[in-house]
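Here is a friendly note to read alongside the model. Have the sequence and the 3D view open as you go through the points.

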Amino acid sequence: MSIPETPMPATTREIHLASRPSGRPVPDNFRLVTAPVQELKSGQILVRNQYMSVDPYMRGRMNDTKSYSAPFRLDAALDGGAAGEVIASRSDAHKVGDVVVHQLGWRDHAVVDATAATVVPKGLAPTPAFLGALGMTGLTAYAGLLKVAGFKEGDVVFVSGAAGAVGSMVGQIAKAMGAGKVIGSAGSADKVARLLDLGFDAAFNYNDAPVLEQLRQAVGDRGIDVYFDNVGGDHLEAALDTLTVGGRVAMCGAIAQYNSTEPPAAPRNLAVAIGKQLTLRGFLVGGQRAHAAEFRERMAAWLADGTVRYDETIVDGLENAPQAFIDLLDGANTGKMLVRL
């Protein structure tokens with residue numbers, strides 16, 4: 001029995017970028033707007049968003065600078081990962097009632113080209129997981145560790161920002177794949193405790209003492225073979241000092257400097273990469289889609305048997321999405337930061 005279409009709403013709510021942040025974003029950089037819902041064209045669907053993702057990379061898109069992703073436009077809706085229910089369809093590929101993932105978040109309703117929406121498999125995991133552990137977040141962790149950093153069984157791995165959505169996945173995947181030791185950094189005692197609960201061999205609070213001092217204590221004389229970088233700055237500097245000859249760095253993010261108005265002071269020891277013959281490789285998850293099927297199969301199995309667990313920090317209400325994003329940059333989340341609409 002088919003599900004009847006919900007009457008098309010005439011308007012919806014959106015979060016617009018009202019002004020470009022200087023340093024740390026503030027609520028006044030955002031505006032909640034009521035906007036008309038466009039009429040569906042052939043090949044489009046109307047999605048009532050249920051969850052949306054806020055992610056660190058979005059901070060860079062708020063600057064009017066050339067980057068790997070186009071900057072957000074002023075006085076227009078922001079965008080990003082979202083999941084929701086199809087309530088109207090002019091596409092043979094999607095029916096009313098389907099739950100889909102797409103890239104038009106930051107709004108209650110989205111008119112989406114059918115080719116840009118992926119149906120969420122029923123029964124595999126709760127819907128929010130497809131924005132996190134089974135979505136872009138999980139693929140970032142999996143491909144970054146295994147394909148970019150070239151992880152090998154027995155490697156000693158250090159993960160910065162390890163209590164975040166990507167970092168917590170990286171550490172658990174490394175353990176599942178036979179890491180010799182996994183070390184994580186986080187910003188509070190509670191987050192450190194959570195990392196140990198998730199199976200990290202060692203973890204430290206980077207606010208307690210210099211990162212290099214704590215990393216050396218955690219790793220001992222052995223050194224690290226792989227560094228998964230979500231932070232940059234002093235964490236990258238410490239990792240370079242601690243990496244073994246032939247060590248590898250997967251450069252995923254640099255959240256320590258996203259809000260900075262001055263050039264970063266670190267790393268000041270980049271020259272050690274020469275003598276140690278290190279590989280430092282930046283990557284974007286969009287360039288790792290060839291590994292998506294392999295990732296989903298493995299991650300689904302790990303989630304099913306409890307090898308990998310994930311945390312979510314959920315904020316309710318579209319109107320609270322800007323604050324959720326600001327809090328994310330301040331490290332207020334454990335695991336994936338989501339907004340429930």
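The points below look at one arginine and then at some aromatic pairs.

1. A word on the basis: this is a predicted model, where local features need pLDDT of at least 70 and side-chain atom pairs count only at pLDDT 80 or more, while totals for chains, interfaces and linings use all residues. Residues are numbered from 1 along each chain as its sequence is written, and side-chain values use heavy atoms, leaving out hydrogens and water.

2. Find Arg 107 in the loop between strand 5 (99-102) and strand 6 (109-113); strands are DSSP runs of E with at least two residues, and helices are runs of H or I with at least four, numbered from the N terminus. Arg 107 is buried but has no salt bridge, and Glu 14, the nearest side chain of opposite charge, is 4.5 Å away. Buried means under 20% relative accessible area (1.4 Å probe, protein chains only). A salt bridge needs a side-chain nitrogen of Lys or Arg within 4 Å of a carboxyl oxygen of Asp or Glu.

3. What does the side chain of Arg 107 reach at 2.7 Å? The backbone oxygen of Leu 78.

4. Phe 30, Trp 106 and Phe 325 form one aromatic cluster. Rings of Phe, Tyr and Trp (its six-membered ring) pair if their centres lie within 6.5 Å; planes under 30 degrees apart are stacked, over 60 edge-to-face, and the rest tilted.

5. Tyr 142 and Trp 302 make a tilted pair, 6.4 Å centre to centre with 50° between the planes. Tyr 142 lies in helix 2 (residues 136-148) and Trp 302 in helix 8 (residues 292-305), so the pair ties together parts 160 residues apart in sequence.

Conventions
Buried means under 20% relative accessible area, exposed over 50%, partly exposed in between (1.4 Å probe, protein chains only). Lys and Arg count as positive and Asp and Glu as negative; His and the chain ends are not counted. A polar contact is a pair of N or O atoms within 3.5 Å; within protein, one must be able to donate a hydrogen and the other to accept it, and residues adjacent in sequence count only if both atoms are side-chain atoms.
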